[in-house]
Amino acid sequence: MNITYRDTTEFSPEQLQRLFLSVEWSSGNYPEKLAEAMHNFHTVFSAWHDSKLVGMLCAMDDGVMNAYIHYLLVDPDYQNMAIGRTLVDMAKQKYSDYLRIALIAYNDRMSFYENCGFRKADGASAMFITKLTT
């Protein structure tokens with residue numbers, strides 16, 4: 001299977017909705033907001049199988065020291081094919097001169113991120129004010 005990768009912020013609301021709902025993220029219920037949000041990220045890497053969006057990584061940064069990976073998602077039908085790892089590697093390469101790359105990981109995905117080189121912070125917890133369920 002041929003997966004291609006792109007650096008773009010151009011997606012249709014339908015492409016985003018399908019991908020986000022495939023991983024059961026409630027933000028997929030807001031496809032128009034997702035399409036607009038893509039234009040505000042500093043970094044958006046995407047994975048494609050032909051014309052189908054199958055993975056995405058979105059990050060924000062301060063331009064010098066800190067980058068934050070906000071989204072990393074891969075369609076379940078395409079997981080375990082190194083797509084997520086490739087997207088993370090692309091972000092690590094882009095931000096290789098930065099002092100910190102941070103993210104929030106769901107507990108059941110910690111080992112994936114540890115295998116990508118991330119370490120759990122001691123004495124820190126993620127905190128949210130959100131209207132989203134996932």
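Predicted model: local features only at pLDDT ≥ 70, side-chain atom pairs only at ≥ 80, totals over all residues.
I then looked up helix 3, which lies across strand 1, strand 2, strand 3, strand 4 and strand 5, running at about 150° to strand 2.

Next I followed the sheet itself: five strands form an open sheet in the order 1-2-3-4-5, with mixed pairing. Strand 1 (3-7) and strand 5 stand at the edges with a single partner strand each, so one side of each has no neighbour in the sheet. From one strand to the next, I noted a twist that averages 25°.

For the partner of strand 5, I turned to strand 4 (residues 66-74), which pairs with strand 5 in the parallel sense over four bridges. Within this pair I found Asn66 opposite Arg100 of strand 5.

I went on to Leu99, which sits in the loop between helix 3 (83-94) and strand 5 (100-103). I recorded Leu99 as exposed, because its relative accessible area of 68% is over the 50% cut-off.

Last, I checked Tyr30, placed in the loop between helix 1 (13-22) and helix 2 (31-38). Tyr30 is partly exposed, because its relative accessible area of 41% falls between 20% and 50%. I also looked up its separation from Glu14: Tyr30 and Glu14 are 16 residues apart in sequence and, C-alpha to C-alpha, 10 Å apart in space.

Notes
Residues numbered from 1 in each chain as written. Heavy atoms only, no water. Helix = DSSP H or I, 4+ residues; strand = E, 2+ residues; numbered from the N terminus. Buried < 20%, exposed > 50% of the residue type's maximum accessible area, 1.4 Å probe, protein only. Pairing = 2+ DSSP bridges. Axes fitted to C-alpha atoms, helices over the stretch in contact; angles between N-to-C directions. Contact = heavy atoms within 4.5 Å.
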